[in-house]
Amino acid sequence: MADVRTDPIHQFGIHKLVDINIDGYDVSFTNSSLFMILTLAAIALVLLWGSSSRAVVPGRAQSVAELSYEFVANTLRNAAGESGMRFMPLVFSLFMFVLTANIFGMVPYFFTVTSHIIVTAALALLVIFTVTIYGFYKNGTHFLKLFVPSGVPMAIVPLVTLIEIISFLSRPLSLAVRLFANMLAGHITLKVFAGFVVTLTSLGAFGFLGALLPLIMVVALTALEFLVAFLQAYVFTILTCMYLNDALHPGH
Amino acid sequence: MSWFISQANAQQPAVVPAEGGHAPTEATGTTVAHGGGEHGGTFPPFDPSTFPSQLFWLAIVFIALYVLMAKKVIPQISDILEARAAKIASELVEAERAKAETDTAIASYEASLAAARNKANAIAHETRSKVAHEIDGRRHAAEAQLAAKLADTEQHIADVKKIALDHVSAIATETTEAVVEALVGKVGRDEVTAAVAAVSVGKH
């Protein structure tokens, strides 16, 4: 397992590229930072280039930019209504960042930014803090009605409220862990099957034939992982939209 | 991946002495740099020593992304979409107007066609009645002429007949006078005339 070629954990390793230390905190520029910046650059390139021509009949790049925008805008509008459109920059940034980081992770030798729980947790906390702060800012104490659904018999209100509070608190956890675990598990699975191919082919002709099965698995899993990369970005986005809807319209 | 590691190693001698004062994280940082590839270290996603760096760079990147999206990309794309919607709406209105114009033109064409057809009918009718009138007039004139001629002729015949009849009575009177004179002797003209008239009347 020590072999770098077959070690499924090796791909998640973080390596320093430039040592930076600010006030005792190690904020070195690492491969993770590099891929965050590449993600940002890719998004900026596609969207700025795509939206710069402003053609009435869009070209390819403009279609990509418009489709991404309308996809997120429709998701947000359906989940949180027209007033939710004020969160469009946040939701669009989250979707584009998670999607691009996930897709980048599918390129061999590329680092997957979203396979680290600290990154997904930071994004999830950003969403939850936005929801909580905006919810109290806009609705005041009325926001607490989120935990007391209307039309519930008084006898079970404490129980329901407890469940609602637990549900609210588990949101950032589920948001962060879902994305992190999907990316991590997917990449480990891919690497394990790819590792089988490498190990078996080194065993001669018989092993070469045996390697066909994991090879087919790797191909199928790669397709699945592309789906998961998009799906998890979408799930993260739609859950964000639904939580924002709670902040905008707290009464169930 | 080896590229990253060698790069990191190459950087370290230059940085480590300069940052020597911050010893606490320096040690873990070096471990991390090598630890990724080595088995037996912490599972990388759960290695807290990499958290500050990831959070720091995520914050920078995400804030930059947010600002770029909010200030540039989203306004640009929504401008494009709005411009397109406005253009489509205005062109639909224009098309609606052109269609109304076409309908009006068709209606006025139909109207003028109907008017022309009516006019043609009127002219035809007028001409027909004029011609008929003229024919009638001429026929009446010809008939009147013929009637006049007929009347003249009848008059002439009647005159001739009257003259002839007058002559007959005169001849009859003269013949009677002559016959009577030869038979009886001379008789007064008036008596003969009265006798002839009496006979003529009795015959009639």
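Student: Which helix of chain A gives the most to the lining of the second largest pocket?
Tutor: In this predicted model, helix 3 of chain A does, with 6 residues. Helix 1 (31-52), helix 2 (60-80) and helix 3 (88-105) of chain A each supply at least two residues of that lining. The pocket has a volume of about 270 Å³, and among its 15 lining residues A:Val64, A:Ser68, A:Met96, A:Leu99 and A:Thr100 lie nearest its centre.

Student: How do the residues of that lining divide into nonpolar, polar and charged?
Tutor: There are 13 nonpolar, 2 polar and no charged residues. Val, Met and Leu count as nonpolar.

Student: What is the volume of the largest pocket, and which helix gives the largest share of its lining?
Tutor: Its volume is about 640 Å³. Helix 5 of chain A gives the largest share, 6 residues. The lining divides into 11 nonpolar, 8 polar and 2 charged residues. A:Lys191 is one of the residues closest to the centre, and Lys counts as charged.

Student: Why is helix 4 of chain A called roughly parallel to helix 7 of chain A?
Tutor: The axes of helix 4 (residues 117-139) and helix 7 (residues 212-248) of chain A come within 8 Å and cross at roughly 20°. Angles under 35 degrees count as roughly parallel, so helix 4 of chain A is roughly parallel to helix 7 of chain A.

Student: Is that crossing left-handed or right-handed?
Tutor: Helix 4 of chain A passes helix 7 of chain A in a right-handed crossing. By class, their contact has 11 nonpolar, 4 polar and 1 charged residues.

Definitions and conventions: Residues are numbered from 1 along each chain as its sequence is written. Chains are lettered from A and ligands numbered from 1 in the order in which they are written. This is a predicted model: local features need pLDDT of at least 70, side-chain atom pairs count only at pLDDT 80 or more; totals for chains, interfaces and linings use all residues. Side-chain values use heavy atoms; hydrogens and water are left out. Axes are lines fitted to C-alpha atoms, for helices over the stretch in contact, and angles run from 0 to 180 degrees between N-to-C directions. Helices (H or I, at least four residues) and strands (E, at least two) are DSSP runs, numbered from the N terminus. Angles under 35 degrees count as roughly parallel, over 145 as roughly antiparallel, 65 to 115 as roughly perpendicular and the rest as oblique. A crossing is left-handed if the near helix is turned anticlockwise from the far one by less than a right angle, and right-handed if clockwise. On a 1 Å grid over the protein atoms alone, a cavity is a set of points where a 1.4 Å probe fits but cannot get out, and a pocket is an open set with protein on both sides within 12 Å along at least five of seven lines; lining residues have an atom within 4 Å of a point. Grid points are joined across faces, edges and corners, and a volume is the space filled by probe spheres set on the points.
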